[in-house]
Amino acid sequence: MQAVATAHPNVALIKYWGKRATVGNLPATGSLSLALGGLSTETRVRFEAGRQGDRVLLDDREDAETSARVTACLDLLRGEAGVTDGAVVESRNDFPTGAGLASSASGFAALVVAAAGALGLKLPPARLAEIARNGSGSAARSLLGGIVLLKNVGTGTDCTQLAAPADWPLEIVVAVTATGQKAISSRQGMALSEQTSPYYPAWVESHATDLDAGIAAVRNRDFPALAEFSEHNCLKMHAVMLSTRPPLIYWTPATLACLQRVRALRADGVPVFYTIDAGPQLKAVCLPEAAGEVATALAAIDGVHQVLRSPLGAGARLRAAGD
Ligand code: PMV
């Protein structure tokens, strides 16, 4: 009763920040994301007959909050399989964890795929997405590859692939400007924004326009339009974060310097735009021919520790035995 799965983190271009309901972890808005194929999480799940409770190791460390979220997802899968055995979960990221690189998205996508595999479950994709979403709102997006749309439908969500990696081979350059764990998790941060930011209602109300524009830009392979709406949506989310009490300031001076550099490059005709999630890393989305120049430009900025280059990636998948 064990299996290993791989998943990639994803970066949202049109983002979600806030919940519709805490039960089931439903997002307030839809979102549009890219799978980062160059960054991976690998998760092994082993159910042990008669074991009480789960043991969860993330990059060799145990943490009570993560363990509770993992157990909540595993309970749903145990319910589907009709078993009560505890599990040992070992998960590793080949990139900084909890630092705004969507490690929770890849982590929970890999977890549900590995656990369902270990239990021999063949669940409909929508049910697997619902279970992953319980762990992390953006995890359902990492179940699919390429460019992914997560929409609110009725009392649930619907996740679809808008383009496979080969359909529009964008490349992402990640500028890592800090490697520590962020002080406030996305989950805590968005709850604070809902309660205290006077801009939160406007964020939710104006979101559909951005999402529709983002979907149209992907369908038409219109890079300038995708750049315009993604940057606008990103800054709007950060305006909500900045106006939260206490304020959520995820940027470092280097984040801002990277943002200005990307703007200057695009003004010079380089096909690149930026996005930033709940963390200090800047992700520069490029047409492939621009990625080398963008990576060199960002690596030269003071305070940039590391630059990672990533093509679009595939969805979460089981690793074959012996892989
Ligand atoms: O998936 P969560 O619950 O960690 O929240 C993700 C929030 C953002 O990354 C800031 C935006 C998004 O849509 O991914």
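**Exercise 1. Find which residues of helix 1 and helix 2 meet, and describe how the two helices cross.**

Solution. Step 1: on the helix 1 side the residues are Arg69, Val70, Cys73, Leu74 and Leu77, and they meet Ser104, Phe108, Leu111, Val112, Ala115 and Ala116 of helix 2. Contact means heavy atoms within 4.5 Å. Helices are DSSP runs (H or I, at least four residues), as strands are (E, at least two), numbered from the N terminus.

Step 2: sorted by class, the residues of this contact are 9 nonpolar, 1 polar and 1 charged. Here Ala, Val, Leu, Ile, Met, Phe, Trp, Tyr, Cys and Pro count as nonpolar, Asp, Glu, Lys and Arg as charged, and the others, Gly among them, as polar.

Step 3: the axes of helix 1 and helix 2 come within 10 Å and cross at roughly 30°. Axes are lines fitted to C-alpha atoms, for helices over the stretch in contact, and angles run from 0 to 180 degrees between N-to-C directions. Helix 1 passes helix 2 in a right-handed crossing; a crossing is right-handed if the near helix is turned clockwise from the far one by less than a right angle, and left-handed if anticlockwise.

The model is predicted: local features need pLDDT of at least 70, side-chain atom pairs count only at pLDDT 80 or more, and totals for chains, interfaces and linings use all residues. Residues are numbered from 1 along each chain as its sequence is written, and side-chain values use heavy atoms, with hydrogens and water left out.

**Exercise 2. Describe the packing of helix 2 against helix 3.**

Solution. Step 1: helix 2 (residues 103-118) and helix 3 (residues 125-135) have axes 9 Å apart, at an angle of about 130°.

Step 2: helix 2 and helix 3 are therefore oblique to each other. Angles under 35 degrees count as roughly parallel, over 145 as roughly antiparallel, 65 to 115 as roughly perpendicular and the rest as oblique.

Step 3: the crossing of helix 2 and helix 3 is right-handed. Phe108, Val112, Val113 and Ala116 of helix 2 make the contact with Leu128, Ile131, Ala132 and Gly135 of helix 3. This contact has 7 nonpolar, 1 polar and no charged residues.

**Exercise 3. Describe the packing of helix 7 against helix 8.**

Solution. Step 1: the axes of helix 7 (residues 207-219) and helix 8 cross at roughly 150° and come within 9 Å. That makes helix 7 roughly antiparallel to helix 8.

Step 2: this crossing is left-handed. His207, Asp210, Ala213, Gly214, Ala217 and Val218 of helix 7 meet Ala225, Leu226, Phe229, His232, Asn233 and Lys236 of helix 8. The classes are 6 nonpolar, 4 polar and 2 charged residues.

**Exercise 4. Locate Met1 and list its contacts.**

Solution. Step 1: Met1 is in the segment before strand 1 (2-7).

Step 2: leaving aside neighbours within four places in sequence, Met1 is in contact with Val45, Arg46, Phe47, Asp85, Ala118 and Leu119. Met1 and Gly117 lie 8.3 Å apart in space, C-alpha to C-alpha, and 116 residues apart in sequence.

**Exercise 5. Describe the backbone at Asp59 and at Pro246.**

Solution. Step 1: Asp59 has phi near 50°, a positive value in a residue other than glycine. Asp59 is in the loop between strand 7 (55-58) and helix 1 (64-81).

Step 2: the peptide bond from Arg245 to Pro246 is cis, with omega near -10°. Pro246 lies in the loop between helix 8 (223-242) and helix 9 (253-267).
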